[in-house]
Amino acid sequence: MSPTEPQTISEAISTDHKSLDQYADNIRSSTTLEDKTKWRNQLTWALARHAISEELTMYPAMEKHLGEEGLQLTNTDREQHQAVKEDLYKLQSMSPSSSDFAPLLDRLMTDLHDHIKHESEEDMPRLEAKLSREESQALARSFERTKMFTPTRSHPSAPNRPYFENFAAMLAAPIDRFRDLLTAFPDKGDLPQKHRSML
């Protein structure tokens, strides 16, 4: 991919995964409670948006292009997302000073890495094989656009299937966005470029 060529869906999702790992590493390496809290908030914001955007854009594309196999793969993905969302729900309001915080962060990242492995080895190769580069780039643009309208916190009890999830997201997103105004985040200069303009 050239610097000016649009990302494919695999590239967009991989870029997000790298950012999520960096945010978790920043939580672990921060030396103050204030900085740990800011990076926890950033991880929550990015991971909640990422998961729902996958469910609203990539999973329907997999079901459409891969048929029954796509449906089976997305059912596995949704189960994996549910475990991540439940961990994130607990983490998003837990103080990093809690003795439960580090083990919960580790479990969250282990669950997330299990899901990332499934996506990179199973989902993405199969989906990309069915899409032209232009179709994959269009799906990546849709994935990125969708993140602008999704909730920014974990809501594990919300539906995780299109139409129902769309409705639940539309209800939760404005409340989450208002809460974001009152939440401390890392300085924009410490974030990847694509996340700077969204906060």
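What you have open is a predicted model, in which local features need pLDDT of at least 70, side-chain atom pairs count only at pLDDT 80 or more, and totals for chains, interfaces and linings use all residues. Residues are numbered from 1 along each chain as its sequence is written, and side-chain values use heavy atoms, with hydrogens and water left out.

Now colour by secondary structure. You will find six helices and zero strands, where helices (H or I, at least four residues) and strands (E, at least two) are DSSP runs, numbered from the N terminus. Of the 199 residues, 47% count as buried; buried means under 20% relative accessible area, exposed over 50%, and partly exposed in between, with a 1.4 Å probe and protein chains only.

**First stop: α2 and α4.** Select residues 33–91 for helix α2 and residues 133–147 for helix α4; their axes come within 8 Å and cross at roughly 145°. Axes here are lines fitted to C-alpha atoms, for helices over the stretch in contact, and angles run from 0 to 180 degrees between N-to-C directions.

Which residues of α2 and α4 meet? On the α2 side, show Arg49, His50, Ser53, Glu54, Leu56, Thr57, Met58 and Ala61; on the α4 side, show Leu139, Ser142, Phe143, Thr146 and Lys147. The residues of this contact divide into five nonpolar, five polar and three charged. In that count, Ala, Val, Leu, Ile, Met, Phe, Trp, Tyr, Cys and Pro are nonpolar, Asp, Glu, Lys and Arg are charged, and the others, Gly among them, are polar.

**Second stop: Arg141.** Stay in helix α4 and pick Arg141. Arg141 is partly exposed, with a relative accessible area of 41%.

Select Trp45 together with Arg49, which lies over the face of Trp45 at 4.0 Å from the ring centre. A charge sits over a ring if NZ of Lys or CZ of Arg is within 6 Å of the ring centre and within 35 degrees of the ring normal.

**Last stop: His118.** Go to helix α3, residues 101–130, and find His118. Is His118 buried or exposed? His118 counts as buried, at 14% relative accessibility. Leaving out residues up to four places away in sequence, show what His118 touches: Leu73, Thr76, Asp77, Gln80 and Asp123.

Terms used: Contact means heavy atoms within 4.5 Å.
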